[in-house]
Amino acid sequence: MTTVTAPADTEEPHTPKRLTQQRALLAPAIVRTAVVDSFRKLHPRTQARNPVMFVVLVGSVLTTILFFRDLGDSTAQENVFTGLVALFLWFTVLFANFAEAMAEGRGKAQADTLRKARAETMANRRLADGSLEPVPSSQLGVDDVVVVNAGEMIPSDGEIIAGIASVDESAITGESAPVIRESGGDRSAVTGGTRVLSDQIIVRITARPGETFLDRMISLVEGAERQKTPNEIALNILLAGLTIIFLLAVVTLQPFAIYSEAEQQVVVLVALLVCLIPTTIGALLSAIGIAGMDRLVQHNVLAMSGRAVEAAGDCSTLL
């Protein structure tokens, strides 16, 4: 099987498309939300889900307590050292939270874009006597029949029962060229949130409110039920095991140091522990998973599981 590299992979690093994506990544609204979420994620119950960062959080609290306890009792040099260690530990925890919050913020921004496409629209529902009744799209039920004219938005998922029209589905597929939809055959299905460009069609609604294609896309993009991949689970177990091993190793150092008449400060032991445990991988692991799903969404691909995200890493051509 011959694969062809997608044109997007051959772009120069400073093309307008890349610059636009970088600006979107650092959008002020996303950054502000991520900063606030960084502090919200400091809750011990949230941090406990990541053993590595939970150890760093405990070390941050411990060194901060020691800093304020010895504020007036120790030398200035020792106090500055303790303060710097506490500062770096807090920065590590907050940076991990910020990276995860930024990834989540990108997903929420994608969901907001989809919500705009799903915005409340008025539909012309056809009654039994053939007259038309304007109703909000949220009040449409299964088997309702609506009439959609050129320039109007299709209110919900359905099937064309009469007529033929060109439809702009770029909000769903990303394809700018309009497609032809007509009654009968395999091109009769239409999606809510797309726009009719020409002619008139009569659509029978097939989806209940809240169960449309756009609703499912939004819930998936928000990642509310994102499951960890087998590789991610295995890596979490490895990181937790390494953290326990290095924790026991650092704890046993103090008795030997006391026996050798070279007792070490608690701050030094905490700093040593944080340097030994795989802090970087533990900090960015969850953010990587969320960012992978977000990157696929940018190409209008919905990953139904974490394993699908990993499989997408081997794809060089997207049809």
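Searching the whole structure turns up six salt bridges, a salt bridge being a side-chain nitrogen of Lys or Arg within 4 Å of a carboxyl oxygen of Asp or Glu. The structure is a predicted model, so local features need pLDDT of at least 70 and side-chain atom pairs count only at pLDDT 80 or more, while totals for chains, interfaces and linings use all residues. Residues are numbered from 1 along each chain as its sequence is written, and side-chain values use heavy atoms, with hydrogens and water left out.

One of the salt bridges pairs arginine 125 with glutamate 133 (3.2 Å, N to O). Arginine 125 also meets aspartate 144, at 3.4 Å, N to O. Here aspartate 144 sits in the loop between strand S2 (132-136) and strand S3 (145-148) and arginine 125 in strand S1 (residues 122-126), so this pair ties together parts 19 residues apart in sequence. Shared partners join Arg125, Glu133 and Asp144 into one network. Arginine 125 and aspartate 144 are both buried, whereas glutamate 133 is partly exposed at 29% relative accessibility; buried means under 20% relative accessible area, exposed over 50%, and partly exposed in between (1.4 Å probe, protein chains only). Helices (H or I, at least four residues) and strands (E, at least two) are DSSP runs, numbered from the N terminus.

Another salt bridge, between arginine 40 and aspartate 37, comes in at 3.5 Å, N to O. Both residues belong to helix H2 (residues 28-40), three residues apart, or about one turn of the helix. Arginine 40 is exposed at 61% relative accessibility, but aspartate 37 is buried at 10%.

On to the aromatics. Rings of Phe, Tyr and Trp (its six-membered ring) pair if their centres lie within 6.5 Å, with planes under 30 degrees apart called stacked, over 60 edge-to-face and the rest tilted. That rule gives two aromatic pairs. Phenylalanine 67 and phenylalanine 68 are edge-to-face, 5.2 Å centre to centre with 75° between the planes. Phenylalanine 91 and phenylalanine 95 are stacked, at 6.1 Å and 25°. These two are four residues apart in helix H5 (residues 76-117), about one helical turn; phenylalanine 91 is exposed at 56% and phenylalanine 95 partly exposed at 43%.

Then there is helix H8 (residues 230-251), where the buried residues are Glu232, Asn236, Leu239, Ala240, Thr243 and Val250. They cover an arc of only 100° around the axis, which puts them on the same side of H8; the arc is that of the directions from the helix axis to the C-beta atoms. The face turned away from that buried side carries exposed Asn231, Ile237, Ile244, Ile245 and Leu248.
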